[in-house]
Amino acid sequence: MCSVNRNFINQTPIQRAAVYLIGAGFFSILGQVVILRELLVSFYGIELIYILSFGIWMIGTALGVAIGRSSFIPKEKNIQILFLFLSALLIIDIVFIRSIREIFNGVPGEYLPFTTQIMGLIIALFPASVSAGLLFQWAAKILINENETLAGAYSIESIGGILGGLCSTLFLNFDISNFTAGLICSAGCIILVIYYSWLQRNTFLKYFSLTIITAVSFLFSISGRIDAFMTSLNHPFAVESIDTPYNRVTITSPGKQVCVFTDNALSYETESTSAEEFVHFSALQCDSCDSILVLGGGFEGIITELLKL
C-alpha cells in the first residue's frame, strides 16, 4: 500500500489533471455518440435530430463551464464524484430514450408532437452536457492553477475526444451494440475513479466506485437480455435487433407476418399489397419481361410476384 500511495505522490497535479481532461474528452465524444444514436432511433431516423441535439449539447456544455465560480479550485474528489455521476447518467439516459414513447404516451407508428420531441431532447441531453462542461472546467482549473494555459487544457481534452471517436468507430466495426458501448463508456469513467481513489486512500469513493463497477459489470453480463427488453418496449414481437454503422435494424414477427424496421420506422412487411402494385403496374409498361434485375424488395414479395408474369 505504501508503494501505491508513493506512486500517487509522484504524480504531479498536472499529470492528474491531464488524465481527468482525457477522461472528460473521452466521455464527451463516446457518450455523445451513444446518446445521439439512441435519439435517432427513437425519433424514427430523422436527421434533424442531430442538428437540434448538437445545439442543445453546446448550450449545455457552455452553461456547465459558466456555472462554476472563477475563483473556485475544485478538489479532486469532486471531479471523481462527477465522473461517477456521468457514468450513471449515461445508462439512465439510454433507458429514458428507449422508453420515451411510453413515457409521453406516443401512438405506435406516429411521430411524437414537435414540442414533445424538443422536451425529450432537452431531458436526454441537458443534464449530461451541463455535467460534461462542468467536468472540463474543473479539470482545466487544476491544470491552469499549475501555471498551464487554457489552450493546453483544450488540447489535452481533444486527445480524449479522439480516443472516444476511435472507440465509437471500432465498436461499430465489430458489431458492438449501442447499449454495450454505453456500458463500456460508463465503465471507463468508473475505472478512472477507482484508480485515483485507491491511490489517494479515499475509502468512501473507493468502495462506492467498486460497488458501481460491480453493478455495471453485472449489466454487461446480461446486456443482450436488457437490450432485447428495451427493444420490446417499442416492438413487442421483436425477433432480432442489430445496430449497424448506418442504423438499427429490427425484425418483428406478429403471427405469420414479418416486419422489418430501420431506426424504428417500418421499412417493409410481408402481408401488404405493395409488391403486387409495384410489379404488375410496372410490367404493364413492358411488352416482354424475359430478363428482370431485382435490386431490392425480395423480402416483401417482389420476386414471388415477378414469377407470376
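Reply: The second largest cavity holds about 70 Å³ of space, where a cavity is a set of points, on a 1 Å grid over the protein atoms alone, at which a 1.4 Å probe fits but cannot get out, and the volume is the space filled by probe spheres set on points joined across faces, edges and corners. This is a predicted model, in which local features need pLDDT of at least 70 and side-chain atom pairs pLDDT 80 or more, while totals for chains, interfaces and linings use all residues. Residues are numbered from 1 along each chain as its sequence is written, and side-chain values use heavy atoms, without hydrogens and water.

Me: What makes a residue part of the lining of the second largest cavity?

Reply: A lining residue has an atom within 4 Å of a point, and among those that line this cavity are L30, V33, V34, R37, F171 and D243. Two or more lining residues come from each of α2, α7 (150-173) and α8 (178-199), helices being DSSP runs of H or I with at least four residues; α2 gives the most, with 4 residues.

Me: How do you know which classes make up the lining of the second largest cavity?

Reply: Ala, Val, Leu, Ile, Met, Phe, Trp, Tyr, Cys and Pro count as nonpolar, Asp, Glu, Lys and Arg as charged, and the others, Gly among them, as polar, so the lining has 7 nonpolar, 3 polar and 2 charged residues.

Me: What volume does the largest cavity have?

Reply: The largest cavity has a volume of about 90 Å³, and its lining has 3 nonpolar, 7 polar and 3 charged residues.

Terms used
On a 1 Å grid over the protein atoms alone, a cavity is a set of points where a 1.4 Å probe fits but cannot get out, and a pocket is an open set with protein on both sides within 12 Å along at least five of seven lines; lining residues have an atom within 4 Å of a point.
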